[in-house]
Protein chains: 2
Amino acid sequence: MITRKDAATFFTRGYEKYLPHVSVDCVIFGFHRAELKLLLLKWKQANIWTLPGGYIGRRESLEAAAHRVLRDRTGLKNVFLHQFHAFGSTKRKEASIRKLFGILGLPVSRDAWPLGRVISIGYYALVDFSRVRPQADYLSDTCAWHAIDERPPLAFDHDDIVTKALETLRSSLDSPSLVATLLPERFTMPELQRLHEAILGRPLDRRNFQKKMLDRGIVERLAERRTGGAHRSPFLYRFTTQT
Amino acid sequence: MITRKDAATFFTRGYEKYLPHVSVDCVIFGFHRAELKLLLLKWKQANIWTLPGGYIGRRESLEAAAHRVLRDRTGLKNVFLHQFHAFGSTKRKEASIRKLFGILGLPVSRDAWPLGRVISIGYYALVDFSRVRPQADYLSDTCAWHAIDERPPLAFDHDDIVTKALETLRSSLDSPSLVATLLPERFTMPELQRLHEAILGRPLDRRNFQKKMLDRGIVERLAERRTGGAHRSPFLYRFTTQT
DNA sequence: CCAAAAGTGTTGCAATTACACCCATGC
DNA sequence: GCATGGGTGTAATTGCAACACTTTTGG
């Protein structure tokens with residue numbers, strides 16, 4: 001978690017700890033009420049929304065940086081992050097960054113290192129919406145979920161990054177390891193289907209979906225059913241541990 | 001093309017022109033005598049082979065940087081480059097770089113900026129072997145093609161980069177735009193097949209291959225045949241311009 | 001005429017798609 | 001009992017892989 005003190009030293013001596021000009025940005029997808037959600041940060045006292053992102057430590061691997069940045073800026077831990085693309089934005093607006101640091105009451109020298117051009121490596125992940133408590137860091141007012149197609153416009157080139165991440169996510173849906181992290185240990189077939197539909201943004205045929213999941217050995221049925229709901233009680237399933 | 005003068009000013013004031021800590025590396029595939037080739041540079045008077053790579057200009061897009069670096073270091077122009085992955089190597093060996101610059105008779109101060117850790121964005125391309133004259137730059141002895149599985153061991157993490165590029169190339173073979181650049185305007189079906197086989201590293205069925213290419217509308221047959229060779233004269237084909 | 005390369009067609013399997021019917025549950 | 005959602009099956013289609021036969025060409 002970034003504190004006030006961290007932020008204060010960031011502009012003056014951050015380059016000692018971090019590589020300038022390279023950052024990671026995380027596109028975090030969640031799933032709630034049959035909708036795909038996106039985790040966004042709102043800058044303090046400014047109507048600027050961005051992806052959680054940050055710089056890379058001088059001796060830190062890209063992967064490790066992505067995990068640390070995500071934890072520091074949103075509180076999320078133990079997330080499966082996947083690199084998907086590098087973005088060479090020359091759009092970074094000095095003015096926005098100056099404004100934020102003005103609001104925070106922190107000094108920004110004229111040639112402060114983070115005002116320069118930044119190349120950003122994009123990572124995405126799917127996380128279990130209900131098991132996560134997003135927490136804004138010192139730089140932000142809010143860390144909150146947004147429905148994927150009702151999100152506010154994002155700063156810099158972050159809208160492009162989200163678009164590309166969603167594309168990648170959709171095309172990698174056939175590997176079950178990803179979606180496994182979004183559901184509880186045991187789940188019903190309709191639940192799994194809602195999740196796939198939310199990610200793909202289109203409806204799927206119930207019967208074909210079930211057949212595919214079972215034929216491919218992606219999930220296996222348990223003896224138990226989920227009772228209590230209206231209508232017929234659905235079976236419970238779980239992901240098979242094998243490949 | 002990098003000259004002696006460029007190299008000399010590179011270590012001292014290069015950071016004014018380029019972003020430190022971020023580079024692009026190009027994996028250039030060629031095709032000759034039914035073999036997939038790889039374009040490599042050998043450092044001057046040292047047995048160190050690397051991919052053509054370089055730094056990114058401060059106001060230059062990633063894409064533009066990849067094209068410029070490739071041209072400067074190998075002489076190749078007008079190549080379709082595709083970004084495929086970012087590599088966060090912490091393996092960069094100071095010693096190698098000092099050695100090269102020692103050989104070149106160029107001074108390297110102790111805290112020279114290019115000695116630091118580098119994050120590299122990988123680009124790959126397929127080029128027409130016969131239309132290209134690779135030319136080594138000032139930093140290199142040799143700029144030469146190597147058969148993909150007889151290449152020398154590469155420095156830094158460049159072997160990983162090649163592996164990943166080859167993976168990406170293979171999985172993107174169904175989009176014809178890539179391979180189109182490797183063949184002349186008009187070509188025979190066997191020629192196209194050899195190319196696919198070289199990329200995939202395995203033989204393909206002649207008949208199924210032909211059917212697929214024609215059914216999908218990837219190529220269309222011309223009236224003409226290629227005469228002069230032994231055996232039956234094959235038809236000529238060309239890529240369809242649509243989609 | 002024959003070896004080697006090129007052109008054409010058939011068949012079977014597997015995955016995907018579309019669609020129809022039966023079962024359970026709460027109101 | 002009936003609307004709603006959940007479970008099962010079947011036929012048509014598509015893409016891919018395996019395989020056999022005919023045609024052309026130079027030697």
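How much area do chain B and chain A bury between them? The answer is about 1500 Å², with 64% of it on carbon and sulfur atoms. Buried area is the accessible area (1.4 Å probe) that two parts lose on being put together, summed over both. The size of an interface is often given in this way, as the accessible area lost when the parts come together.

This is a predicted model, in which local features need pLDDT of at least 70, side-chain atom pairs count only at pLDDT 80 or more, and totals for chains, interfaces and linings use all residues. Residues are numbered from 1 along each chain as its sequence is written, chains are lettered from A and ligands numbered from 1 in the order in which they are written, and side-chain values use heavy atoms, with hydrogens and water left out.

**Chain B against chain A**

- Chain B brings 19 residues to the contact, and chain A brings 19 residues. Contact means heavy atoms within 4.5 Å.
- Ten residue pairs are in polar contact between chain B and chain A (both at pLDDT 80 or more). A polar contact is a pair of N or O atoms within 3.5 Å; within protein, one must be able to donate a hydrogen and the other to accept it, and residues adjacent in sequence count only if both atoms are side-chain atoms.
- Four strands of chain B give two or more residues each to the side that touches chain A: E1 (18-32), E4 (53-57), E5 (82-87) and E6 (119-126). Helices (H or I, at least four residues) and strands (E, at least two) are DSSP runs, numbered from the N terminus.
- That side of chain B has nine nonpolar, six polar and four charged residues. Here Ala, Val, Leu, Ile, Met, Phe, Trp, Tyr, Cys and Pro count as nonpolar, Asp, Glu, Lys and Arg as charged, and the others, Gly among them, as polar.
- Salt bridges between chain B and chain A number zero. A salt bridge is a side-chain nitrogen of Lys or Arg within 4 Å of a carboxyl oxygen of Asp or Glu.

**Around DNA strand C**

- Ten charged, six polar and five nonpolar residues form the surface near DNA strand C.
- H7(B) gives the most to this surface, with four residues.
- In the side chain of Arg221(B), an N or O atom is 2.7 Å from a phosphate oxygen of DNA strand C.
- In the side chain of Lys211(B), an N or O atom is 2.9 Å from a base oxygen of DNA strand C.
- His231(A) uses a backbone N or O atom, 3.0 Å from a sugar or linking oxygen of DNA strand C.

**Two domains in chain A**

- Chain A is assigned domain 1 (4-171) and domain 2 (184-239). The bounds come from an automatic or database domain assignment.
- The centres of the two domains, taken over C-alpha atoms, are 33 Å apart.
- Domain 1 gives nine residues to their contact, and domain 2 gives eight.
- The two domains of chain A bury about 640 Å² between them, 72% of it on carbon and sulfur atoms.
- Phe31(A), Leu36(A) and Arg170(A) supply 65% of the area that domain 1 buries against domain 2, more than any other three residues.
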